[in-house]
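Student: I have a structure open on my screen and would like to go through it with you. Could we take it one question at a time?

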Amino acid sequence: DTESPSVPTNLLSSNIGETTVDISWDASTDNVGVVDYEVFQDGISIGLTGGATSYAVSGLLASTGYAFTVQAIDGASNRSVLSSILNVTTSATPDTESPSVPTNLLSSNIGETTVDISWDASTDNVGVVDYE
């Protein structure tokens, strides 16, 4: 057998997380049979699927872009051309830290129906955007 499998097509991403993504594709065809797929992340092999048309990628960084490609392999070790690139950006790390409590609450310009209030700004690891 000297015939290479067809190129994997229709790469899709799903379940995109902060450090993980699932990728899948349509099965390749071959005159003898496709036995495996090799998955590449940014041009570097990250694993074989054992013939499955999906792969769970882990160990990624949050808020980071990655380029994935897939190559089909037949029983005679013939390889397809690499698939088209699937670009994926992982999710951002959620902000779970609350801002600090506003301090030094002061009133001024006290009138019959109005009052001005002020306070020292709060701090936050990401940024304070509003006060209620």
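Student: How many salt bridges does the structure hold?

Tutor: Good place to start, and keep in mind that this is a predicted model. A pair counts here when a side-chain nitrogen of Lys or Arg lies within 4 Å of a carboxyl oxygen of Asp or Glu. By that rule, the number of salt bridges in the structure is 1.

Student: Which side chains meet in that salt bridge?

Tutor: The pair links distant parts of the chain, 41 residues apart. One partner sits in the loop between E6 and E7, and the other belongs to strand E3. With an N to O distance of 2.5 Å, the two side chains are those of Arg79 and Glu38.

Student: Is Glu38 buried or exposed?

Tutor: Let's look at both partners. Arg79 has 39% relative accessibility, so Arg79 counts as partly exposed. A residue needs to be under 20% to count as buried. The relative accessible area of Glu38 is 12%, so Glu38 is buried.

Student: Strand E3 has come up already. In what order do the strands of its sheet run?

Tutor: The sheet is open, has 4 strands and is paired in antiparallel fashion. Its edge strands, each pairing on one side only, are E4 and E7, the latter covering 86-89. Neighbouring strands are turned against each other by 35° on average, direction ignored. Read across, the order is E4-E3-E6-E7.

Student: How many bridges join E3 to E4?

Tutor: E3 covers residues 34-41 and E4 covers residues 44-48, and the two run antiparallel. One of the pairings is that of Gln41 with its partner Ile44 in E4. The bridges joining E3 to E4 number 4.

Student: Which residue in the turn of that hairpin has a positive phi?

Tutor: The hairpin of E3 and E4 leaves 2 residues between the strands.

Student: Moving to the loop between E6 and E7, what is the phi of Ser77?

Tutor: Ser77 is found in the loop between strand E6 (65-74) and E7. With a relative accessible area of 55%, Ser77 is exposed. Its phi is positive although the residue is something other than glycine, and the value is near 70°.

Student: Ser83 lies in that loop between E6 and E7 as well. Which backbone nitrogen does its side chain reach?

Tutor: Ser83 counts as buried, because its relative accessibility is 6%. Leaving aside neighbours within four places in sequence, Ser83 is in contact with Val7, Pro8, Leu11, Thr69 and Val70. Its side chain comes to 2.9 Å from a backbone nitrogen, that of Val70.

Student: Last one, on aromatic rings: what kind of pair do Tyr66 and Phe68 form?

Tutor: The structure holds 3 aromatic pairs, and one of them joins Tyr66 and Phe68, with 6.3 Å centre to centre and 35° between the planes. Both Tyr66 and Phe68 are buried. Planes under 30 degrees apart would count as stacked and those over 60 as edge-to-face. The pair of Tyr66 and Phe68 is therefore classed as tilted.

How values were computed: Residues numbered from 1 in each chain as written. Predicted model: local features only at pLDDT ≥ 70, side-chain atom pairs only at ≥ 80, totals over all residues. Heavy atoms only, no water. Pairing = 2+ DSSP bridges. Axes fitted to C-alpha atoms, helices over the stretch in contact; angles between N-to-C directions. Buried < 20%, exposed > 50% of the residue type's maximum accessible area, 1.4 Å probe, protein only. Polar contact = N/O pair within 3.5 Å; in protein donor to acceptor, adjacent residues only side chain to side chain. Contact = heavy atoms within 4.5 Å. Phe/Tyr/Trp six-rings, centres within 6.5 Å; stacked < 30°, edge-to-face > 60°.
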